[in-house]
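Try each task yourself before you read its solution.

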Amino acid sequence: MRCYLQTFLLGMIFVFFSFLYVFNQLASTLEDRDGWRVKEHGIPGRKSHDTGHLLRKRPGLEGLRDREEGLDSERSSSAVKAESRDERSHLAVVACGPRLEETITMLKSAVLFSKKPLHFYIFAEDELHKSFRNTLESWPWRVRARFNSTIYPITFPTENAREWKKLFKPCASQRLFLPLILKEVDSLLYVDTDIIFLQPVEDMWALLSHFNSSQLAAMAPEHEEPRIGWYNRFARHPYYGKTGINSGVMLMNMTRLREKFFKNDMTTVALKWEEMLMPLLQKYKLNITWGDQDLLNIIFHHNPESLYVFPCQWNYRPDHCIYGSNCQQAEQEGVFILHGNRGVYHDDKQPAFRAVYEAIQKYQFGDNLETSLLGPLETSLQTTTHTYCGRASHLLTKKLKQSIMSVQQDATRRRR
């Protein structure tokens, strides 16, 4: 009897420990599965719409790298850091006809004052490629080390290519197709050939970080004073805001632009950028005066939430001083970017603008900026006070003086 009792007790003990073992295994399995779920769903950028916007907010090629980083969470942190060192400002220009020297002067001003590296995307007619290449290669090696450049042919959609090329100024509408051509570039600063930078390009580039989640491009108003505004008095098509926008300086988050579906007045269906351009031209080509700029005004009239508007000092034109000073921000801080539209760099209508252009054009790399650029410029500006813009010429040199001082201080530190 005692033998049977001992056997029964041993069996009960065995069963108890067996149940305990099975329970522990089951609990461990459930814990591992829950942990895997947390790890899987915790990967950033998989399904979150808002997270996607944040990833696409960073400029240049970096923005695309950020998106890849979000999709591939297994990359080592060192590899990610190595790929995120692109501090370049990406600058595009389109040059056709007799715009070679003007474009070179613009690029020269960009290199002179920028402290961070640049990448130039130069779209030009085939016969200009060699001249661009030879000129840029002739610059001193210390200057060439601060930028990369890529030269592209003028490219329009095969259908209606001639119509696009002749719209307004030769090749100007090329800027509309940059997001479709430069597919590997996330963000881009487009400028007209008649632009002069009076401060570092990276200061304009930094405005990308001011975009909210819906904004994909930035431009300045066409006018500050509605009484002299063109769009609000003469336009025969929709335009942005009260006085329209000027596209001579245009900062773009091209990833967002390529992805967005735009509201329009051609169909109730929102359209992608490439789907919208030709129908827009066909609808309004008899009503537009300023070509592609008018098309941009129409687009952002219907999509105002997509535009970031920066102040007039970033795109300062003769319109801001020809009838008296009407750019309040420039009066406070000076002119950041000079835009010599209407050919004022090459005639006598606005000698103050021409003086700035010629000072940059004639400056020789390596010379002292204060004595070889600023000094001659201030002397020339003294002869322009018979014009309204000449009387406001102190606005043209205010920021330039700061940029020159900063460049010289950096040069002094490097020599030490």
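**Exercise 1.** Which helices each supply at least two residues of the lining of the largest pocket?

*Solution.* Keep in mind that this is a predicted model.
- Step 1: The helices to pick out are α5 (100-113), α7 (141-144) and α19 (394-415).
- Step 2: Among the contributors, α19 gives the largest share of the lining, with 7 residues.

**Exercise 2.** Describe the space and the lining of the largest pocket.

*Solution.* 
- Step 1: The largest pocket holds about 750 Å³ of space. It is lined by 22 residues, and those closest to its centre are Arg146, Gly366, Val407, Ala411 and Arg414.
- Step 2: Sorted by class, the lining has 10 nonpolar, 7 charged and 5 polar residues.

**Exercise 3.** Why does the largest pocket lie between domain 1 and domain 2?

*Solution.* Look at where the lining comes from: domain 1 (89-310) and domain 2 (319-415) both contribute residues to it, so the pocket lies between them.

**Exercise 4.** Work out the strand order of the open sheet, then follow β1 to its partner β2.

*Solution.* 
- Step 1: The 7 strands are arranged as β3-β2-β1-β4-β7-β6-β8, and the pairing is mixed.
- Step 2: On average, neighbouring strands are turned by 25° against each other, direction ignored.
- Step 3: β1 (residues 89-95) and β2 (residues 118-124) run parallel and are joined by 7 bridges. In this pair, Val94 stands opposite Phe123 of β2.

Conventions
Residues numbered from 1 in each chain as written. Predicted model: local features only at pLDDT ≥ 70, side-chain atom pairs only at ≥ 80, totals over all residues. Heavy atoms only, no water. 1 Å grid on protein atoms, 1.4 Å probe; cavity = no way out; pocket = protein on both sides within 12 Å on 5 of 7 lines; lining within 4 Å. Points joined across faces, edges and corners; volume = space filled by probe spheres on them. Helix = DSSP H or I, 4+ residues; strand = E, 2+ residues; numbered from the N terminus. Nonpolar A, V, L, I, M, F, W, Y, C, P; charged D, E, K, R; others polar. Domains from an automatic or database assignment. Pairing = 2+ DSSP bridges. Axes fitted to C-alpha atoms, helices over the stretch in contact; angles between N-to-C directions.
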